[in-house]
Amino acid sequence: MIHIYCGDGKGKTTAAIGLAVRMAGYGKKVLFVQFMKGSYTGELKMLAAEENIKVVRCDRGYGFFRSMTEADKEEIIQSHNANLKYIEQNMSDFDMVVLDEAFSAYNYGLLDKNLLHDIVDNYTGELVLTGHEPQEWFTDRADYITEMKKIEHPYDRGIQAREGIEF
């Protein structure tokens with residue numbers, strides 16, 4: 001089945017990690033792929049410790065799209081497409097594939113959209129996609145759609161992202 005966690009609220013990645021950990025707890029194999037993310041985050045240590053979860057992500061941190069140079073955009077496209085090719089070649093080895101922040105990469109044109117479509121249409125396990133504003137192409141195929149809605153966030157008061165909470 002296809003799961004979508006979307007919206008402007010906090011918790012999309014956290015929900016996907018929860019599903020990945022739950023699946024791994026039953027001895028199932030999980031491929032956890034992060035788009036748009038290459039910097040260290042606290043969950044990486046825990047995910048790496050779980051033998052049933054393989055994490056694949058960008059080769060480095062690129063920052064937010066609005067601050068990327070054209071060279072950064074070219075590099076991240078190459079990184080994302082290499083990760084998509086890895087998924088395509090290895091997805092049958094996994095019971096769950098998580099595509100974290102796939103919608104951001106898709107909406108900004110930072111990956112091969114046709115290759116992502118092929119993966120979504122051909123993967124037969126549990127597929128989890130996260131990010132802002134999923135296109136109708138994805139929502140039409142989804143079995144679960146959960147929207148995280150921001151009501152209040154410390155960022156609105158000028159409080160920056162905090163270690164262990166936002167990253």
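Helices here are DSSP runs of H or I with at least four residues, strands are runs of E with at least two, and both are numbered from the N terminus. By that count, the chain has six helices and six strands. What you're looking at is a predicted model, so local features need pLDDT of at least 70, side-chain atom pairs count only at pLDDT 80 or more, and totals for chains, interfaces and linings use all residues. Residues are numbered from 1 along each chain as its sequence is written, and side-chain values use heavy atoms, with hydrogens and water left out.

**Overall build**

- Starting at the N terminus, the order of elements is β-α-β-α-β-α-β-α-α-β-α-β.
- The chain is as compact as a globular protein of its length, because its radius of gyration is 15 Å, close to the 15 Å that the globule rule gives for 167 residues. That radius is taken over C-alpha atoms, and the rule is 2.2 Å times the number of residues to the power 0.38.
- Along the principal axes, the C-alpha atoms fill a box of roughly 45 × 35 × 30 Å.
- Take the contacts (heavy atoms within 4.5 Å) between residues at least 6 apart in sequence: 71% of them join residues at least 24 apart.

- Of the 167 residues, 45% count as buried, meaning under 20% relative accessible area with a 1.4 Å probe, protein chains only.

- Helix 5 covers residues 113-122, and its buried residues are Leu115, Leu116, His117, Ile119 and Val120.
- Those residues are covered by parts of the chain including strand 1 (2-6), helix 3 (70-90), strand 4 (96-100), helix 4 (102-107), strand 5 (126-131) and helix 6 (136-139).
- At the start of this helix, a side-chain oxygen of Asp112 comes within 3.0 Å of the backbone nitrogen of Asn114.

**Two residues to look up**

- Ile87 sits in helix 3 and is buried, with a relative accessible area of 0%.
- Leaving out residues up to four places away in sequence, Ile87 touches Leu31, Val33, Phe35, Val97, Leu99 and Ile119.
- Ser104 belongs to helix 4 and is also buried, at a relative accessible area of 10%.
- Setting aside neighbours within four places in sequence, Ser104 is in contact with Met36 and His132.

Definitions and conventions
Buried < 20%, exposed > 50% of the residue type's maximum accessible area, 1.4 Å probe, protein only. Polar contact = N/O pair within 3.5 Å; in protein donor to acceptor, adjacent residues only side chain to side chain.
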